[in-house]
Amino acid sequence: MRLHEEVASALIEGRGVVALETTIVVQGLPAPTNIDVARECDSAVRSSGSVPATIGILDGEIIVGMTMEELERLADPSRGAAKLSARDVGLALASGVDGATTVAGTIAIAEKAGIKVMATGGLGGVHRDAVRSFDESADLTALSRTSILVVASGVKSILDIGATLERLDSLGVAIAGYRTRQFPGFYRSDSGFELDWSLEDPAQAATAFIAHQRLSGSGLLVANPVDQDRQLDGQLHDNALESALAMAQRLGVSGKDVTPVLLAEFARFSEGRSVQVNKDLVVANALLAGEIAMEIARAKR
Ligand code: PSU
Ligand code: MN
């Protein structure tokens with residue numbers, strides 16, 4: 001594992017550090033928006049005072065704190081970077097390949113590096129056909145065994161949200177809305193599901209995480225809704241979702257290809273509007289994660 005010098009010294013000095021994933025960049029968003037989003041997430045974390053640590057694998061080496069240049073290399077379609085969940089990382093290292101890490105893959109590495117906070121767009125979860133396909137993201141089980149705070153706009157709305165919330169409950173993953181008790185719906189501010197807890201500011205989120213960490217080895221999901229005036233139109237969302245689910249079925253995709261295919265069809269159907277919302281929400285999550293990481297660092301000093 002290679003830590004960028006800036007990340008290594010921030011960790012030694014006990015400053016705020018935020019892990020960022022790379023699957024969203026390589027498999028989740030279309031070029032060239034993907035690189036813009038990565039750059040804006042990096043700046044958003046910095047503007048809070050925390051240090052961004054983008055995690056990915058190049059030529060069989062884990063990098064914690066990828067430079068923009070390294071990230072562009074990872075996202076270069078001709079290099080064909082793999083999508084890596086937590087279970088894949090060791091195998092990718094042994095094979096010497098390039099790989100972008102999902103939330104599961106990223107938090108597994110972040111925890112080893114001593115990073116306590118991560119930001120993403122939307123968590124993976126239980127797919128709508130899971131009763132038949134058994135398709136449930138390893139993000140959920142990874143969060144059940146990783147002591148980390150993840151800021152996300154809920155879980156992706158392509159999923160069975162109710163079933164995902166039930167699984168997060170069974171798995172002992174703590175969840176709170178950020179300034180809301182409505183669980184966010186990724187492209188939409190409100191999924192229609194209610195939460196038991198709400199956190200009102202970064203300091204309270206830090207306090208909750210520190211307490212949770214002492215009691216449990218599982219993660220804390222801080223669910224940060226996209227601004228209401230930036231969310232995807234409700235009707236457009238539902239139509240795009242219907243089209244995306246039909247597309248996935250037509251193509252017969254399964255496993256790790258499902259989520260990228262659904263997101264790509266959402267983008268095509270909405271003429272790029274879903275990509276803009278995805279960008280807005282992930283940048284906002286990176287900023288909030290940076291603010292919370294600052295408060296965790298302060299509390300530990
Ligand atoms: N958030 C986004 N876009 C994405 C993802 C998250 O806004 O593409 C990625 C994350 O890497 C997450 C993954 O871990 O989607 C889920 O993939 P799967 O459903 O195959 O577990
Ligand atoms: Mn899956």
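## Worked exercises on a predicted model

H11 and H12 sit oblique to each other. Keep in mind that this is a predicted model. Let's work through it together.

### Exercise 1

Work out why H11 and H12 are called oblique.

**Solution.** 
- Step 1: find the two helices. H11 covers residues 234–251 and H12 covers residues 258–269.
- Step 2: look at their axes, which come within 8 Å and cross at roughly 130 degrees.
- Step 3: use the cut-offs. Under 35 degrees counts as roughly parallel, over 145 as roughly antiparallel, 65 to 115 as roughly perpendicular, and the rest as oblique. The crossing angle is roughly 130 degrees, so H11 and H12 are oblique to each other.
- Step 4: pick out the residues that touch. H11 brings Leu 236, Leu 241 and Leu 251, among others, while H12 brings residues including Val 261, Phe 266 and Phe 269.
- Step 5: sort this contact by class, and you get 12 nonpolar, 3 polar and 2 charged residues.

### Exercise 2

**Solution.** 
- Step 1: H3 takes in residues 33–48, and H13 takes in residues 273–300.
- Step 2: their axes come within 8 Å, with a crossing angle of roughly 25 degrees. That makes H3 roughly parallel to H13.
- Step 3: the crossing of H3 and H13 is right-handed.
- Step 4: on the H3 side, the contact includes Val 37, Cys 41 and Ala 44; on the H13 side, it includes Val 283, Ala 286 and Leu 287.
- Step 5: by class, this contact has 10 nonpolar, 4 polar and 4 charged residues.

### Exercise 3

Get to know the largest nonpolar core: which residues touch the most other members?

**Solution.** 
- Step 1: start with a general idea. In soluble globular proteins, nonpolar side chains tend to be buried together.
- Step 2: here, the largest nonpolar core has 101 residues, and Val 64, Val 150, Phe 183 and Val 222 touch the most other members.
- Step 3: ask which helix gives the most to this core. That's H13, with 11 residues.
- Step 4: zoom in on Val 222. Leaving out residues up to four places away in sequence, Val 222 touches Leu 149, Val 150, Val 151, Ala 152, Ala 176, Tyr 178, Leu 199, Leu 288 and Ile 292.

### Exercise 4

**Solution.** 
- Step 1: Leu 11 belongs to helix H1, residues 5–12.
- Step 2: its relative accessibility is 23%, so Leu 11 counts as partly exposed.
- Step 3: compare sequence with space. Leu 11 and Ala 113 are 102 residues apart in sequence, yet their C-alpha atoms are 8.6 Å apart.
- Step 4: not counting residues up to four places away in sequence, Leu 11 touches Leu 3, Val 17, Ala 113, Gly 114 and Ile 115.

### Exercise 5

**Solution.** 
- Step 1: the cis bond joins Ala 31 and Pro 32, with omega at about 0 degrees. Pro 32 is in the loop between helix H2 (23–28) and H3.
- Step 2: Phe 134 isn't a glycine, but has a positive phi of about 65 degrees. Find Phe 134 in the loop between H7 (130–133) and H8 (138–144). With a relative accessible area of 71%, Phe 134 is exposed.
- Step 3: Glu 271, also not a glycine, has a positive phi of about 50 degrees. Glu 271 lies in the loop between H12 and H13, and is exposed at 66% relative accessible area.

Methods
Residues are numbered from 1 along each chain as its sequence is written. Chains are lettered from A and ligands numbered from 1 in the order in which they are written. This is a predicted model: local features need pLDDT of at least 70, side-chain atom pairs count only at pLDDT 80 or more; totals for chains, interfaces and linings use all residues. Side-chain values use heavy atoms; hydrogens and water are left out. Axes are lines fitted to C-alpha atoms, for helices over the stretch in contact, and angles run from 0 to 180 degrees between N-to-C directions. Helices (H or I, at least four residues) and strands (E, at least two) are DSSP runs, numbered from the N terminus. A crossing is left-handed if the near helix is turned anticlockwise from the far one by less than a right angle, and right-handed if clockwise. Contact means heavy atoms within 4.5 Å. Ala, Val, Leu, Ile, Met, Phe, Trp, Tyr, Cys and Pro count as nonpolar, Asp, Glu, Lys and Arg as charged, and the others, Gly among them, as polar. A nonpolar core is a set of buried Ala, Val, Leu, Ile, Met, Phe, Trp, Tyr and Cys residues joined through side-chain atoms within 4.5 Å. Buried means under 20% relative accessible area, exposed over 50%, partly exposed in between (1.4 Å probe, protein chains only).
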